[in-house]
Amino acid sequence: LEFRRVLFRSLAGFLARRYRVANDATEQMVEAAQEAGQIVGLDPVLILSVVAIESRFNPIAESVMGAKGLMQVIPEQHQEKFAPHGGDDAVLDPATNILVGAKILKDCIRRAGNLESGLQLYAGAYGDSSNQYAQKVLAEKERISQVLRRSDHLLPRQGGASSATNQIGRAHV
């Protein structure tokens, strides 16, 4: 457990520096992505990568299309997903936004049939044959995964502890 906490802090520190966000806030986002990943069955590193591309870790980001929060969810299109969390107003709650965004992403991947197409569908860019959005997300996922691998390598081994990337970045999809 302590091993995982140190890893969370290391990853959160990297994301805080890279995206110029408070370390405490980033730690909460990493934890929320881990929880959402477990609930939905998605790699938390993938979720964090979508957050990075969609909002650059700005929890109050809003697009001209009305997408809001970390994962840029359009609340009007997903009211049923926000209802158990207090309705549309919950869109700017980081943990709720990450959970709802992860559910939407998981559904997009299922509907599209694979990860790349699912990411394109999530972004509303399904018709883009160059898969630019998916490539951006997957490149960010690789950067974050590298940080986890480096951190895992630097941390002392605990009896029976598995690697960091298995503890935090286990690929469900």
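The legends below describe close-up views of one predicted model.

Figure 1. The protein contains 8 helices and 0 strands. Followed along the sequence, the order of elements is α-α-α-α-α-α-α-α. There are 173 residues in the protein, and 48% of them count as buried.

**Figure 2. The largest nonpolar core.** This core is made up of 45 residues. Leu11, Leu15, Phe57, Ile98 and Tyr122 have the most contacts inside it. At least two core residues come from each of α1, α2, α3 (44–55), α5, α6 and α7 (132–154). Helix α5 supplies the largest share of this core, with 8 residues.

**Figure 3. Helix α3 and its surroundings.** Helix α3 has 12 residues. From its first C-alpha to its last the helix reaches 16 Å, which is close to the 16 Å expected at 1.5 Å a residue. Because 10 of the 12 residues of α3 are buried, the helix is largely enclosed by the rest of the structure. The buried residues are Pro44, Val45, Leu46, Ile47, Leu48, Ser49, Val50, Val51, Ala52 and Ser55.

Figure 4. At the N-terminal end, α3 is capped by Asp43. A side-chain oxygen of Asp43 lies 2.9 Å from the backbone nitrogen of Val45, and Val45 is itself one of the buried residues of α3. Just after α3 comes Arg56, which takes a positive phi of about 55°.

**Figure 5. Lys141 and its contact with Asp43.** Lys141 is located in helix α7. Its relative accessible area is 18%, under the 20% limit, so Lys141 counts as buried. The side chain of Lys141 makes a polar contact with the side chain of Asp43, at 3.3 Å. Asp43 is also the residue that caps the N-terminal end of α3.

**Figure 6. The largest pocket.** The space in this pocket is about 390 Å³. The pocket is lined by 19 residues, and those closest to its centre are Gln72, Leu121, Tyr122, Ala123 and Gly124. Helices α5 (94–112) and α6 (115–122) each supply at least two residues of the lining. Helix α5 gives the most, with 4 residues. Sorted by class, the lining has 10 nonpolar, 5 polar and 4 charged residues.

**Figure 7. The second largest pocket.** This pocket has a volume of about 200 Å³. Its lining consists of 11 residues, and Arg4, Arg5, Phe8, Glu27 and Glu31 lie nearest the centre. Helices α1 (2–19) and α2 (23–40) each supply at least two lining residues. The largest share, 6 residues, comes from α2. By class, the lining has 2 nonpolar, 3 polar and 6 charged residues.

Technical notes: Residues numbered from 1 in each chain as written. Predicted model: local features only at pLDDT ≥ 70, side-chain atom pairs only at ≥ 80, totals over all residues. Heavy atoms only, no water. 1 Å grid on protein atoms, 1.4 Å probe; cavity = no way out; pocket = protein on both sides within 12 Å on 5 of 7 lines; lining within 4 Å. Points joined across faces, edges and corners; volume = space filled by probe spheres on them. Nonpolar A, V, L, I, M, F, W, Y, C, P; charged D, E, K, R; others polar. Core = buried A, V, L, I, M, F, W, Y, C linked by side-chain atoms within 4.5 Å. Buried < 20%, exposed > 50% of the residue type's maximum accessible area, 1.4 Å probe, protein only. Expected span 1.5 Å × (residues − 1). Polar contact = N/O pair within 3.5 Å; in protein donor to acceptor, adjacent residues only side chain to side chain.
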